[in-house]
Amino acid sequence: QSQIHPHFIYGTLETIRMLAMANQDMDTASMIYSLSSLMRQSVEITSHASTLEKELSIVQDYMDIQQIRFSGALRYDLKLPPFTLQPIVENAIVYGISQTLDPGEILIRISRQVKGNTVCISISNTGNPMKPERLREVNSLLAGLTVPEAIHTQGNGIALNNILKRLQFLYPDRIDMKIEAEDIWTRVIIMIQETA
């Protein structure tokens, strides 16, 4: 006849999570945290449109639970050095979008190519396109054909090269990185070949 108050459920789940942590059962604690987060978000669901950020958060909580449930046999994530994507997005805003009066867009796409077991991360932005000579210069740097000292200006070439070096440390001989420009779009592409 009456519903259990959601705050009682969240409080109880938090108590169980703390007990699991006290018993050094981190998997259980993590599952309870993700379940609680999923429940909170499901209560907030309305008929109005959600945001991509919220949807990704829901998927993350769900996948965290499933990862533990399947004892790590479910792979859905990829290890990256900290601050891999943020500097690329920053470059997109500083050198692309902010250089024009038009509204800007940034698209991040992640796909897996079964052939070669390769993950492709693509960060695209509208705005001021990269000049062809600058594009050649940066791609030459990323391909290892040019040294950083030969780059004429500071900017996205040096930042991208630093990201590439950190990725190469994590994935030796299994990283390719390049920039493409087409029409109003500039695109940074990172290809990571995973081991079998």
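Reader: Which strand gives the most to the lining of the largest pocket?
Author: Strand S1 does, with 6 residues. Strands (E, at least two residues) and helices (H or I, at least four) are DSSP runs, numbered from the N terminus. A pocket is, on a 1 Å grid over the protein atoms alone, an open set of points where a 1.4 Å probe fits, with protein on both sides within 12 Å along at least five of seven lines; lining residues have an atom within 4 Å of a point.

Reader: What kind of model is this, and how are residues numbered?
Author: This is a predicted model: local features need pLDDT of at least 70 and side-chain atom pairs count only at pLDDT 80 or more, while totals for chains, interfaces and linings use all residues. Residues are numbered from 1 along each chain as its sequence is written, and side-chain values use heavy atoms, with hydrogens and water left out.

Reader: Back to the pocket. How much space lies in it?
Author: The largest pocket holds about 730 Å³. That volume is the space filled by probe spheres set on the grid points, which are joined across faces, edges and corners.

Reader: Which residues lie nearest its centre, and which elements supply at least two residues of the lining?
Author: Of the 18 lining residues, Leu56, Gln60, Tyr76, Asp77 and Ile110 lie nearest the centre. Helix H3 (52–69), strand S1 (106–113) and strand S2 (118–125) each supply at least two residues of the lining.

Reader: How do the lining residues divide into nonpolar, polar and charged?
Author: There are 14 nonpolar, 2 polar and 2 charged residues. In this scheme Ala, Val, Leu, Ile, Met, Phe, Trp, Tyr, Cys and Pro count as nonpolar, Asp, Glu, Lys and Arg as charged, and the others, Gly among them, as polar.

Reader: Now the sheet. What is the order of its strands?
Author: The 4 strands form an open sheet in the order S1-S2-S4-S3, with antiparallel pairing. S1 and strand S3 (175–182) are the edge strands, each pairing on one side only. Two strands pair if DSSP finds at least two bridges between them.

Reader: How are neighbouring strands turned against each other?
Author: On average they are turned by 15 degrees, direction ignored. The axes are lines fitted to C-alpha atoms, and angles run from 0 to 180 degrees between N-to-C directions.

Reader: How many bridges are there between S1 and S2, and what is in the turn?
Author: S1 and S2 pair over 8 bridges in the antiparallel sense, and Ser111 has Cys120 in S2 as its bridge partner. The two strands form a hairpin with 4 residues between them, and Gly116 in the turn has a positive phi of about 85 degrees.

Reader: And S4, what does it pair with?
Author: S4 runs antiparallel to S2, with 8 bridges joining them; Val119 stands opposite Ile192 in S4. S3 is also joined to S4 by 8 bridges, and one of the pairs there is Glu182 with Trp185. S3 and S4 form a hairpin with 2 residues between them, where Asp183 in the turn has a positive phi of about 55 degrees.

Reader: Why is S4 described as largely enclosed?
Author: Because 7 of its 9 residues are buried, S4 is largely enclosed by the rest of the structure. Buried means under 20% relative accessible area, exposed over 50%, and partly exposed in between (1.4 Å probe, protein chains only).

Reader: Changing topic: how many salt bridges does the count come to?
Author: The count comes to 5. A salt bridge is a side-chain nitrogen of Lys or Arg within 4 Å of a carboxyl oxygen of Asp or Glu.

Reader: What does Glu194 form a salt bridge with?
Author: Its partner is Arg112, with the closest N and O atoms 2.4 Å apart. Glu194 lies in the segment after strand S4 (185–193) and Arg112 in strand S1, so the pair ties together parts that are 82 residues apart in sequence. Glu194 counts as buried at 10% relative accessibility, whereas Arg112, at 44%, counts as partly exposed.

Reader: Where do Glu137 and Arg134 lie?
Author: Both lie in helix H5 (residues 132–142), 3 residues apart, about one turn of the helix. Glu137 is buried at 15% relative accessibility, and Arg134 is buried at 14%.

Reader: Which residues are joined into one network?
Author: Glu180 forms a salt bridge with Lys178, the closest N and O atoms being 3.5 Å apart. Salt bridges that share partners join Lys178, Glu180 and Arg187 into one network.
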